[in-house]
Amino acid sequence: QVQLVESGGGLVQPGGSLRLSCEASGFPFSAYYMSWVRRAPAKGPEWVASINNGGDSAAYADSAKDRFTISRDNAKNTLYLQMNSLKPEDTALYYCRRGGESISMANDDYWGQGTQVTVSS
């Protein structure tokens, strides 16, 4: 029933940009904080950014601050992550997750399939 479908990833050169999307269904999207979490090879999940349910407050990991922007469109049940000035270190599988940082990093909620971001020259 709960579905989180990430898209928008791809191969991009360092310094490039990507816009990730997450289409959510099966739950009252506008009632939830949402987060982006990524997992790079040989690493565990890393929290990237969160946004409150109303979309007027956001928080970022230091690695994402000033480069990434999280946003949401509650009318479309969609979460976004605009990624600029991409670095090879951003290479990872990106997931959208329900909740802010703490809840999104727990492993007791639904996972989508993720979308792969590869930053390489």
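The side chain of serine 35 makes a polar contact with the side chain of serine 104 at 3.4 Å, and a polar contact of 2.4 Å joins the side chains of serine 35 and serine 50. A polar contact here is a pair of N or O atoms within 3.5 Å; within protein, one atom must be able to donate a hydrogen and the other to accept it, and residues adjacent in sequence count only if both atoms are side-chain atoms. The model is predicted: local features need pLDDT of at least 70 and side-chain atom pairs count only at pLDDT 80 or more, whereas totals for chains, interfaces and linings use all residues. Residues are numbered from 1 along each chain as its sequence is written, and side-chain values use heavy atoms, with hydrogens and water left out.

Serine 35 belongs to strand E4; strands (E, at least two residues) are DSSP runs numbered from the N terminus. With a relative accessible area of 0%, serine 35 is buried, a class that covers values under 20%, while exposed means over 50% and partly exposed lies in between (1.4 Å probe, protein chains only). Not counting residues up to four places away in sequence, serine 35 touches Trp47, Ala49, Ser50, Ile70, Leu79, Tyr95, Cys96, Arg97, Gly99, Gly100, Glu101 and Ser104; contact means heavy atoms within 4.5 Å.

Threonine 78 lies in strand E8 and, at 6% relative accessibility, counts as buried. Leaving aside residues up to four places away in sequence, threonine 78 touches Ser21, Cys22, Glu23, Phe29, Arg72 and Asp73.

Strand E4 also takes part in an open sheet of six strands with mixed pairing, in the order E2-E10-E9-E4-E5-E6. Two strands pair if DSSP finds at least two bridges between them. Strands of a sheet pair through backbone hydrogen bonds, either parallel or antiparallel. Strand E2 (10-12) and E6 stand at the edges, each with a single partner strand, so one side of each has no neighbour in the sheet. Neighbouring strands of this sheet are turned by 25 degrees against each other on average, direction ignored; the axes are lines fitted to C-alpha atoms, and angles run from 0 to 180 degrees between N-to-C directions. E2 and E10 pair in the parallel sense over three bridges. Leucine 11 stands opposite threonine 118 in E10.

The largest nonpolar core has 27 residues, of which Trp36, Val48, Phe68, Leu79, Leu81, Met83 and Tyr94 touch the most other members. Such a core is a set of buried Ala, Val, Leu, Ile, Met, Phe, Trp, Tyr and Cys residues joined through side-chain atoms within 4.5 Å. At least two residues of this core come from each of strand E3 (18-25), strand E4 (34-39), strand E5 (45-51), E7, E8, strand E9 (92-98) and strand E10 (115-119). E3 supplies the largest share, four residues. The contacts of tyrosine 94, not counting residues up to four places away in sequence, are Glu6, Leu20, Trp36, Val37, Arg38, Val48, Phe68, Leu81, Met83, Gly114, Thr115 and Val117.

The structure holds three aromatic pairs. Rings of Phe, Tyr and Trp (its six-membered ring) pair if their centres lie within 6.5 Å; planes under 30 degrees apart count as stacked, over 60 as edge-to-face and the rest as tilted.

Phe27, Phe29 and Tyr32 form one aromatic cluster. Phenylalanine 27 counts as buried at 9% relative accessibility, and phenylalanine 29 is buried with a relative accessible area of 1%, whereas tyrosine 32 is partly exposed at 28%.

Positive phi values also occur in residues other than glycine. Aspartate 66 has a phi near 75 degrees and is placed in the loop between strand E6 (58-60) and strand E7 (68-73). Its relative accessible area of 79% makes aspartate 66 exposed. For asparagine 77, phi is about 50 degrees. Asparagine 77 is found in the loop between E7 and strand E8 (78-83) and is partly exposed, with a relative accessible area of 25%.
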